[in-house]
Amino acid sequence: MRIKSLYQNWVKWVLPFYLFTFLPFSVSAEDGHQLWLRYQPVNKAKVTGPECIAAQELRTYSCQDVVLTLDAAMEQDAYRISDGVITAKDEIGLLYGAYELLRRQGRSLDCARDDKGGARDDKGGARDDIFSKPFYKLRILNHWDNLNGTIERGYAGLSIFWKGKDSGKSFHGHPVFVEDPDQPINAELIKEYARANASIGINGTVLNNVNASPKMLSAVYINKVKQYADILRPYGIKVYLSVNFASPMSIPAKGFNGGKPVKTADPLNAQVKAWWKAKAKEIYAVIPDFGGFLVKANSEGQPGPFDYKRTHADGANMLADAVKPYGGIIMWRSFVYGAAHAGEDRVKQAVSEFASLDGKFRDNVILQSKNGPLDFQPREPYAPIFDNIKQTKQMAELQITQEYLGQSRHLVYLAPMWQEFFGFVAPEKLVGIAGVANIGLDTNWCGHHFSQANWYAFGRLAWDPRMRSEDIANEWLGLTFGDKEAGRQGVLEQLLSVMQRSREACVDYMMPIGLHHIFAFDEHYGPEPDGYNAHVPYEWCPVYYHQANKDSIGFDRTHTGSNATAQYREPYCTLYDNINTCPERYLLWFHRVPWSYRLKSGRTVLEEMDYRYTRGVSEVEDFVRIWNEAKPYIDQQRWNEVQARLEHQLENAKEWKKVCLDYFGSFNK
Ligand code: GCW
């Protein structure tokens, strides 16, 4: 009784008061699930032309009438927008054009702002003549998702593709999940995922971890992949799978040897070849436009051709032959170390292993290499494999998930780093781009609202690697936080500055002047510069990378040391080899210096570290300040969530500074 009357009073008196007082000034609640696609239905545009997803999207969200037309002479995926007419070769091109139109309109999020009822745009309005075509044909996300639903290096919850169940066992206090292929797929969520990707031009997705389970290729999972392919296809997205090179040894292939596996995975063995051909046939029978395979072989314990004294080319070509009749491709990763060239400086091993194989790969094999020669560090020099491979097709692999850049807890915008990479490796050298996804089941998809910007930026750069990181950030901010309110523009400019500075800040507070891989073991989040463990490979230990002792610090990779500099093309080879010309941002990556060494600033190594770590921390302090000032302009939930993470980032930055200066300072009394 009492509860009821309290409720009635609340509805009668308190609620109207709140509504009256606060609603006009509040910003609507948002949880980030809509990503950069926060369009509100307008339902007033007349859209004519072929009936397709582009037409549906425009009919719902466009402020202006649109005519869709097909022109068979146009290039695949290209579109033209001119005076309210979108032209493309097929419905996918129309879809890309539609999203471009909406992107331009969405920057203002308000039809009424344009007096003619059309899209408002900083560059002069949607009625401009726009022609756009993707730079790369292959714009692919790589999901490191395991069949039991966990994600390797995933920081936004469990997998959107694979669901596991609790095994009842635990490991280090965490429940152990096992595969559960009986669980239905979440078609609605996958459709949202498809739409988000199509809106930024992504046209391929690898659905499982490169540390691949052979079970991925079993019939029950192929059936699931087919279901995904059917949802993604209308959005122009092909599916690909990571494969375990030893799959023939444990999984049956339809029509092969009565369902019996093979006793070997040797790529030159006739049975193995036949198994892969049968498997390809089985897949393509249900997914005729299946993209192909991604392979991590002889790396970090994965099986590969080297187990049979065969080369990477033998392995890749055997798979390439299996998918060739169907137009499939093989993306073969060059991220290898500790196998054929164990003991060699880790950053040299990819070139050592692949350079002599250049030209020996089939034309449907693409060598996929990380942007740096080590492993997605906050800063690395570019990977010299891009200089050494000349006759084989190459793709770059970028990491969207921030394994080494604060994961989904730090605000770090990655596009400036990727842009830096393209400054060394001309986009023309590559046939495609892969990005290790940062997507999970979290409501906001990426864990951190600002991590969505990295997914967005990846797509935009895959479409046009010459886009400036700043322009991409601007677009994303406008779409993600933009609104009608006056005064917001100044805030967005401040946030743009935060994004643009964030990567450099991260380098400063984690590993300035060329320090690298000084992360806590395995989790790769916090600092552990003194990390050493006799039971793991030496190249997993932080001390391997800085080699600090009482006299000096740094890894000599010049001609007097490991000679990794010799793998670079000129002028970089000479530039990096000479300490006087080597950019100081790579100092301790390439050079070993006495503690008394003075940098161009006049500071000693330790003084410079102190200066940089301090600068990194104060940058994050400034990010916190800016975000606090942005509060009136950002909806509450997203503001709170970002604020909590920024506070955490600041604490972490201070910890990095303290741990690293204490440790390195201990050598340099
Ligand atoms: O960076 C390392 C990661 C591994 C990852 C590996 C790779 C998928 O720590 O988790 O494994 O790279 O790229 O293969």
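How many cavities of 30 Å³ or more does a search of the whole structure find? The search finds 7 in this predicted model.

**Figure 1. The largest cavity and the residues around its centre.** The space inside the largest cavity amounts to about 150 Å³. Its lining consists of 17 residues, and those closest to the centre are Ser-334, Phe-335, Ala-350, Gly-372 and Pro-373.

**Figure 2. Elements and residue classes in the lining of the largest cavity.** Two elements, helix H8 (349-354) and strand E13 (365-370), each give two or more residues to this lining. Helix H8 gives the most, with 3 residues. By class, the lining of the largest cavity holds 11 nonpolar, 4 polar and 2 charged residues.

**Figure 3. The second largest cavity.** The volume of the second largest cavity is about 90 Å³. Among the 13 residues that line it, Asn-371, Glu-380, Met-417, Glu-420 and Phe-421 lie nearest the centre. Helix H10 (residues 415-424) gives the most to this lining, with 4 residues. The lining of the second largest cavity divides into 7 nonpolar, 2 polar and 4 charged residues.

Figure 4. The protein chain has an average pLDDT of 93, and 92% of the residues score at least 70.

Notes
Residues numbered from 1 in each chain as written. Predicted model: local features only at pLDDT ≥ 70, side-chain atom pairs only at ≥ 80, totals over all residues. Heavy atoms only, no water. pLDDT = per-residue confidence, 0-100. 1 Å grid on protein atoms, 1.4 Å probe; cavity = no way out; pocket = protein on both sides within 12 Å on 5 of 7 lines; lining within 4 Å. Points joined across faces, edges and corners; volume = space filled by probe spheres on them. Nonpolar A, V, L, I, M, F, W, Y, C, P; charged D, E, K, R; others polar.
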